[in-house]
Amino acid sequence: MPTDEFGEASEAGEAGEGGGPLAAVVAKQEGDAAIERLRAEGVYDATRTVREFDADTIAVPVTDPPGTDVLRVVRQPGARRLRGLEDHLRERGWTDREIDRAPASWAVLGTVILVDIDGAPRPGELGEALLDLHGGADTVLARRGIAGPHREPAVEVVAGAGDTETVHTEHGTRYAMDLATVMFSPGNKAERARMGEVVAAGERVIDMFAGIGYFTLPMARAGADVTAIERNPAAFRYLLENVRLNDVESAVHPYRADCRDVLRAAATPPQSDGVDRVVMGYYDAHEYLDSALGPLVPGGVVHVHEATPEPLVFERPVERVRAAAAERDRTVEVLDARRVKTHSEGVVHVVVDARVD
Ligand SMILES: C[S@@+](CC[C@H](N)C(=O)[O-])C[C@H]1O[C@@H](n2cnc3c(N)ncnc32)[C@H](O)[C@@H]1O
């Protein structure tokens with residue numbers, strides 16, 4: 001049964017025909033995708049909040065009846081326009097001082113909102129406000145850090161259903177994951193997209209620290225042939241699921257193993273005639289450089305990630321690549337050196353792209 005704040009829109013459903021602004025009703029699990037479609041169509045009204053319509057559906061505010069498929073179009077009489085998190089928190093009686101301690105950013109990953117709430121008062125209310133703001137989401141997770149060789153996240157459910165599994169779509173790539181067991185770094189979004197852009201169709205690539213397929217999936221979708229290695233069983237399970245979800249089974253060769261073992265085999269004829277690119281998306285990647293260079297053909301490219309203290313940016317990661325290449329009588333041309341994101345106070349997540357001859 002629809003919640004009682006909605007009225008049926010006339011077939012035409014034109015706005016201004018009395019009875020309040022319009023909303024498009026869609027299935028909850030389609031929430032984010034539907035909002036993206038309506039946004040692309042130019043009818044999504046971000047000045048009003050997405051509201052629950054009934055147990056399975058939500059009402060997405062629209063300025064005009066959409067052309068794309070929705071379940072129905074309804075009117076939303078008297079809908080107060082709450083513009084952002086601040087409005088929602090003020091609606092809950094938060095003071096200016098309390099609102100100043102609310103997070104300025106968060107990530108909506110499918111049906112899960114990931115947020116750093118250090119120091120914010122009343123996390124539960126904050127979480128409810130975020131759910132109101134993002135009607136397609138049903139769980140709010142507070143991030144409490146990532147640790148260990150398997151980079152496992154520590155999270156806490158602060159609001160909603162507590163369902164930590166989600167599917168997040170980014171640049172057309174779909175990532176299924178359980179945010180309580182595997183990490184996902186919103187700050188690496190541009191870097192994930194970039195890896196899909198730097199590869200050429202048919203390139204042979206090794207992703208040494210593949211996780212759930214952060215870089216592997218965009219590269220495989222761009223036509224590369226990717227050997228994806230991940231030793232954490234939980235992450236590997238999602239890697240396999242995401243390879244299916246993105247329909248790249250023929251382009252990805254997954255290995256649940258220590259990457260050093262796979263590379264040793266890859267560098268040993270007659271098994272392989274080498275690879276064109278090696279991706280090292282791990283802060284301790286420098287400890288694996290010797291392994292990485294083994295199967296890399298002359299002229300091949302390595303992407304080395306690192307968490308680098310500001311004074312050592314980019315000198316230290318570049319020197320480490322040069323030293324590892326020199327060990328093998330090989331030379332390095334630095335193609336690019338980038339800041340991916342802030343890692344922590346005074347430390348930067350960087351990546352160095354190097355051609356190794
Ligand atoms: C930091 S995560 C990957 C992050 C990813 N690059 C991103 O952009 O978000 C590193 C992954 O490497 C895996 N890993 C660490 N050491 C490994 C090894 N020796 N062999 C294979 N996988 C490894 C961890 O389990 C983890 O899933």
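**A helix and what surrounds it**

Tutor: In this predicted model, the buried residues of α10 are P317, V318, V321, A324 and A325.

Student: Why are they on the same side of α10?

Tutor: Because they cover an arc of only 130° around the axis, these residues are placed on the same side of α10. On the other side of α10, E315 and E327 are exposed.

Student: And what do the buried residues of α10 pack against?

Tutor: They pack against α9 (289-293), β16, β17 (332-344) and β18 (347-356).

Student: How many residues does α10 have, and what is its reach from first C-alpha to last?

Tutor: α10 has 13 residues, and the reach from its first C-alpha to its last is 18 Å, which is close to the 18 Å expected at 1.5 Å a residue. After α10 comes D329, which has a positive phi, near 55°.

Student: What about the other end, where is L312 found?

Tutor: L312 sits in the loop between β16 (296-309) and α10 (315-327), and its relative accessibility of 33% makes it count as partly exposed. If you compare L312 with D163, the two are 149 residues apart in sequence, and their C-alpha atoms are 41 Å apart in space.

Student: Is E306 buried or exposed?

Tutor: E306 counts as buried, at 2% relative accessibility, whereas R320 is partly exposed, with a relative accessible area of 26%.

Student: New topic: how many salt bridges does a search of the whole structure find?

Tutor: The search finds 25 salt bridges. One of them joins K28 and E52, with the closest N and O atoms 2.5 Å apart. This pair links distant parts of the chain, since K28 is in the loop between β2 and α1 while E52 is in strand β3 (residues 51-54), 24 residues apart.

Student: Are K28 and E52 buried or partly exposed?

Tutor: K28 is partly exposed, with a relative accessible area of 28%, and E52 likewise counts as partly exposed, at 42% relative accessibility.

Student: Which side chain does D336 meet in a salt bridge?

Tutor: D336 meets R338, at 2.6 Å from N to O. D336 is partly exposed, with a relative accessible area of 25%, and R338 is partly exposed as well, at 34%. Elsewhere, salt bridges that share partners join E86, R90 and D96 into one network.

Student: You mentioned α1, so which of its residues are buried?

Tutor: In helix α1 (residues 31-41), the buried residues are G31, A34, I35 and L38. They cover an arc of only 100° around the axis, and therefore lie on the same side of α1. What covers these buried residues includes β2 (22-27) and β4 (57-62).

Student: And which residue follows α1?

Tutor: α1 is followed by G42, and the phi of G42 is positive, near 85°.

Student: Last topic, the ligand: how many residues surround it, and which are the closest?

Tutor: The ligand is surrounded by 19 residues, of which the closest are N188, E230, C259, G281 and Y288.

Student: What lies 2.9 Å from a nitrogen atom of the ligand?

Tutor: That is a backbone N or O atom of C259. A polar backbone atom of R231 is 3.3 Å from a nitrogen atom of the ligand, and for D258 a polar side-chain atom lies 3.4 Å from a ligand nitrogen.

Notes: Residues numbered from 1 in each chain as written. Predicted model: local features only at pLDDT ≥ 70, side-chain atom pairs only at ≥ 80, totals over all residues. Heavy atoms only, no water. Helix = DSSP H or I, 4+ residues; strand = E, 2+ residues; numbered from the N terminus. Buried < 20%, exposed > 50% of the residue type's maximum accessible area, 1.4 Å probe, protein only. Expected span 1.5 Å × (residues − 1). Arc of directions from axis to C-beta. Contact = heavy atoms within 4.5 Å. Salt bridge = Lys/Arg side-chain N within 4 Å of Asp/Glu carboxyl O. Near = heavy atom within 4 Å. Polar contact = N/O pair within 3.5 Å; in protein donor to acceptor, adjacent residues only side chain to side chain.
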